Amino acid sequence: MTAEVLTPVTDLVTTPTRRRGLRGVGVIGYISAGVIAFALVLAIVGPFIRPYDPNLINFSYANVGPIAGHPLGFDGQGRDLLSRLMVGARTCVLGAMFVALLSIFIGTSLAVITAWFGGKTDTSISGVLDVVFAFPGILLAIVAAAVFGPSLLSAGLALAIAYSPYIARVLRGAAIKERAQAYIAAMEVQGFGVWRLCARHLVPNISSLIVAQGTILFGYAMVDLAAISFLGLGVQSPTADWGVMISEGKIGLLQGYPLESFSAVLCIVIVVSAVSFLGERLSERSKQGRS
Amino acid sequence: MLQFVLRRLAMLVATLVAASFVIYGALYLAPGSPIATLTGGRTPPPEVLLALETRYHLNEPFLVRYWLWLKAAVSGDLGESIPLHEPVATLIGERVGVTASLVLLTSLIILFVGIGLGIIGGLRRGGVDNAVLLSSTISAALPSFAAAVVLQFVVGVKLGWLPVLGTGTGFSDSVKHLILPAIALASTSVALVTRVTRSAVMEEMGKEHVQTALSRGLPYPGLIRRHVLRNAAIPITTVAGLTIASLIALAAIVETAFGLNGLGAYLVQAAMNKDFAVVQGISLVLVAAFVITNVVIDILYAVLDPRVQLGSRAQ
């Protein structure tokens, strides 16, 4: 297998950042990664380890502060706040993850296709992307809610579509550079299939950029998804979700009980800060690796 | 230059036509028929059905309907809200002022506070710079809806300084009602502009020609204005322009949070009520505003930076 001989050599030249994991992101980078890992674990196991039923309404406890057994107290309808926060992580974090992965998938595919075929394919795909660029994510999600009814799925799909052109545009340049590498030409001459070349060699060689962009996007997706749920067009009440909790807590907040809104705000702010910090660090690192 | 502007304008029109097709097509695909909305789900007699279909052009093929809609939209007629029986253009006209003033006020905050803090942070080292960095980090992490509830509680409920809900009547009252929404909307963007300004100013300060001018004792304010800010203006314009363009859609969130009667909040309401004509009309207006702002930024960018190749697309 000549290819096996060729690739490692070019890999050394083109991707010095490959398989570096979290190295070089600094102390705050590690803390951020820890926060993200904690949020992900909570999103998966939260609904199983919550202390109380998050939807159990008890109006006599409405807006009651922390008491024994309920460390965060109750929301405006007397539901246990801690349980709702733990369950709410699911839609917020996993939803954003889904959006980020989907738009990375679409964006990377488009970038590789345009880089590989160039010419008319490139022009026509770029033209379509220009039209998608005209729709801000939030606007597309609102239109999607009007068409398909408000739900997390329609909001998530709309955001993923709205984000993909950004990914495609960032990755297109890197993919074109990689396409021009000698090893790709060498393997093409040897008759390796396009699919295998792209999936096994081209994409892995721009993976550090993909991961960095995906992380940044994950943060944007969390903010936008929470915003859409806040507007009432995403996750639907009574499902516990951080965005929904901020909007439902507004009634209590205006009467002087800010705990429900504020606790959800704090959760979002902490996770989003961690994600955006790590994303920036990773993208700095991938830029350094490429220059 | 003229050729560049003309080309951008041609692209603008092409994008708008394509976007309008997407908007119209998406809502055409929506499940449920407009007739059912009109009649409240009852099956009307055939002659009524025919009359309704003719009135709203429901019996025409899709492309003909799109063409009729687009032709009317260009002349300012965006159709009629089916549940409200009012022209969409009128409904938009009543609300566009609130959104426009909100975006304008927010842009002013972003430009003055963002660029101002960025310049201060970029020129001063040590404590001042750290304070700028810290405050921009905090406000960058605060999404507009989160900033909205925090401001509503702290400034509105606890301090009672400003109103937290509603649009207000009269000029000064309306402005008062816009202050908190504008701050909430600005929070993330201000931080972004501050950071970019700070690093651009720092980078220009380190350049050789600036250092030479400094060591030769050129007057400081003039030096900053003519050599540092002039060059730093290019990245600042890009990021400020992009964030200001994004406000057009994000306004919907703040308007809803503060109960402002603006286009965005009304769009959200129309989306919930499946009032398609309104959704189409407002989406079209917002997309047009967004795209036009982007073209203006592109042109401004070319004016500011003569090195930009006018023939190629601005990145």
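In this predicted model, chain B and chain A bury about 3300 Å² between them, and carbon and sulfur atoms give 81% of that area. On the side of chain B, the residues that lose the most area to chain A are Phe145(B), Val149(B) and Phe153(B), which together account for 18% of what that side buries. The contact draws on 42 residues from chain B and 35 residues from chain A.

Which elements of chain B give two or more residues to the side that touches chain A? They are helix H1 (2-28), helix H7 (144-158), helix H10 (220-258), helix H11 (263-273) and helix H12 (276-304) of chain B. Among these, H1(B) gives the most, with 8 residues. Sorted by class, this side of chain B has 35 nonpolar, 4 polar and 3 charged residues. The count of salt bridges between chain B and chain A is 0, while 2 residue pairs are found in polar contact across the interface, counted where both residues have pLDDT 80 or more.

Within chain B, the domain assignment gives domain 1 (2-74) and domain 2 (96-304), and the centres of these two domains, taken over C-alpha atoms, are separated by 34 Å. In the contact between them, 13 residues of domain 1 of chain B meet 13 residues of domain 2 of chain B. The two domains of chain B bury about 1300 Å² between them, with 83% of it on carbon and sulfur atoms. Of the area that domain 1 of chain B buries against domain 2 of chain B, 36% is supplied by Arg8(B), Ile23(B) and Leu27(B), more than by any other three residues.

Arg8(B) also takes part in a salt bridge with Asp298(B), in which the closest N and O atoms are 2.3 Å apart, and the count between domain 1 and domain 2 of chain B is 1 salt bridge. The count of residue pairs in polar contact between these domains is likewise given as 1, with both residues at pLDDT 80 or more. On the side of domain 1 of chain B that touches domain 2 of chain B, H1 and helix H4 (62-74) of chain B each supply at least two residues, and the largest share, 10 residues, comes from H1(B). The residues of that side divide into 11 nonpolar, 1 polar and 1 charged.

The two contacts described so far can be set side by side.

| Contact | Buried area | Share on carbon and sulfur |

Some pairs of side chains remain to be described. Over all chains, a search of the whole structure finds 7 aromatic pairs. One of them is formed by Phe262(A) and Phe153(B), and is edge-to-face, with 5.4 Å from centre to centre and 80° between the planes. This pair crosses between chains, running from helix H11 (residues 259-290) of chain A, which holds Phe262(A), to helix H7 of chain B, which holds Phe153(B).

The count of salt bridges over all chains comes to 7. In one of them, the side chains of Glu248(A) and Arg79(A) meet at 3.1 Å, N to O. Glu248(A) lies in helix H10 (residues 242-254) of chain A and Arg79(A) in the loop between helix H2 (26-49) and helix H3 (81-117) of chain A, so this pair ties together parts that are 169 residues apart in sequence.

Notes:
Residues are numbered from 1 along each chain as its sequence is written. Chains are lettered from A and ligands numbered from 1 in the order in which they are written. This is a predicted model: local features need pLDDT of at least 70, side-chain atom pairs count only at pLDDT 80 or more; totals for chains, interfaces and linings use all residues. Side-chain values use heavy atoms; hydrogens and water are left out. Contact means heavy atoms within 4.5 Å. Buried area is the accessible area (1.4 Å probe) that two parts lose on being put together, summed over both. A salt bridge is a side-chain nitrogen of Lys or Arg within 4 Å of a carboxyl oxygen of Asp or Glu. A polar contact is a pair of N or O atoms within 3.5 Å; within protein, one must be able to donate a hydrogen and the other to accept it, and residues adjacent in sequence count only if both atoms are side-chain atoms. Helices (H or I, at least four residues) and strands (E, at least two) are DSSP runs, numbered from the N terminus. Ala, Val, Leu, Ile, Met, Phe, Trp, Tyr, Cys and Pro count as nonpolar, Asp, Glu, Lys and Arg as charged, and the others, Gly among them, as polar. Domain bounds come from an automatic or database domain assignment. Rings of Phe, Tyr and Trp (its six-membered ring) pair if their centres lie within 6.5 Å; planes under 30 degrees apart count as stacked, over 60 as edge-to-face and the rest as tilted.
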